[in-house]
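Let's walk through this model together, from the overall make-up of the chain down to a few single residues. Have the viewer open as you read.

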Amino acid sequence: MSSDLSDLYQQVILDHNKRPRNRGKLPTANRVAHGDNPSCGDQCNVYLRLEGDKIADISFDGSGCAISQASASLMTTQVKGKTAAEAEALFKQFHEIVTTGKEPEEISDLGAFAGVHLFPARIKCATLGWHAALNALHGDAAPLTTESHLD
Ligand code: ZN
């Protein structure tokens, strides 16, 4: 592994990959969406319980590279308890971090993914779970593929 890649796999990412949070099916989910990133072979299902405008509970499962699985795990911890609008604002922030490398102004685990911008092919890995979560939020349960979706 090159030193650049080991920078990419920072401790937060390694930790979420080793001990994923909110992993597994959510029996009480009322929204489900699937994300697929064929360029890397990543799969991610997001299970979400929406109560009014609030994400009451969320989980994910899937398989793929460390970036995709750690990002989905971190995503669930960030959006749980948030409103749909807050979750979208968080994704906007995360998207900026992974595409520009700009660290968040407030200390946030999202910043662990700043190194991803050096590896453009991995941006889709990092955003897969987020796209699936937003699709679930919007009630669009159709399979999502990053090939037909903007990063
Ligand atoms: Zn990947």
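Of the 151 residues in the chain, 44% are buried, where buried means under 20% relative accessible area, exposed means over 50% and partly exposed lies in between, with a 1.4 Å probe and protein chains only. Please keep in mind that this is a predicted model, in which local features need pLDDT of at least 70 and side-chain atom pairs count only at pLDDT 80 or more, while totals for chains, interfaces and linings use all residues. Residues are numbered from 1 along each chain as its sequence is written, and side-chain values use heavy atoms, with hydrogens and water left out.

The chain has five helices and four strands, taken as DSSP runs (H or I, at least four residues, for helices; E, at least two, for strands) and numbered from the N terminus. Along the sequence they follow the pattern α-α-β-β-β-α-α-α-β. Among contacts (heavy atoms within 4.5 Å) between residues at least 6 apart in sequence, 58% join residues at least 24 apart. The accessible surface comes to about 7300 Å², with 52% of it belonging to carbon and sulfur atoms; areas come from the Shrake-Rupley method with a 1.4 Å probe, and for residues only the protein chains shown count as cover.

Now for the strands, which pair if DSSP finds at least two bridges between them. Strand S1 (residues 31–37) runs antiparallel to strand S2 (residues 42–51), with seven bridges between them. The hairpin of S2 and S3 has two residues between the strands, and its glycine 52 has a positive phi near 65°.

Where does threonine 76 sit, and what does it touch? Threonine 76 belongs to helix H3 (residues 66–79) and counts as buried because its relative accessible area is 0%. Not counting residues up to four places away in sequence, threonine 76 touches Arg21, Asn22, Ile58, Ser59 and Phe60. Asparagine 22 lies in the loop between helix H2 (11–18) and S1. Its phi is near 55°, a positive value in a residue other than glycine, and asparagine 22 is partly exposed, at 25% relative accessible area.

Lysine 102 is in another loop, between helix H4 (84–100) and H5. With a relative accessible area of 41%, lysine 102 is partly exposed. It touches Glu96 and Ile97, leaving aside residues up to four places away in sequence. From lysine 102 to glycine 115 is 13 residues in sequence and 9.3 Å in space, C-alpha to C-alpha.

Finally, look inside. Rolling a probe the size of a water molecule over the atoms shows where empty space is left. The structure holds one cavity of 30 Å³ or more, a cavity being a set of points on a 1 Å grid over the protein atoms alone where a 1.4 Å probe fits but cannot get out, with lining residues having an atom within 4 Å of a point. About 40 Å³ of space lies in the largest cavity; grid points are joined across faces, edges and corners, and the volume is the space filled by probe spheres set on the points. Its lining includes Leu48, Ile55, Val79 and Trp130. Helix H5 (residues 120–137) gives the largest share of that lining, four residues. The lining is made up of eight nonpolar residues, no polar and no charged, where Ala, Val, Leu, Ile, Met, Phe, Trp, Tyr, Cys and Pro count as nonpolar, Asp, Glu, Lys and Arg as charged, and the others, Gly among them, as polar.

Technical notes:
1 Å grid on protein atoms, 1.4 Å probe; cavity = no way out; pocket = protein on both sides within 12 Å on 5 of 7 lines; lining within 4 Å.
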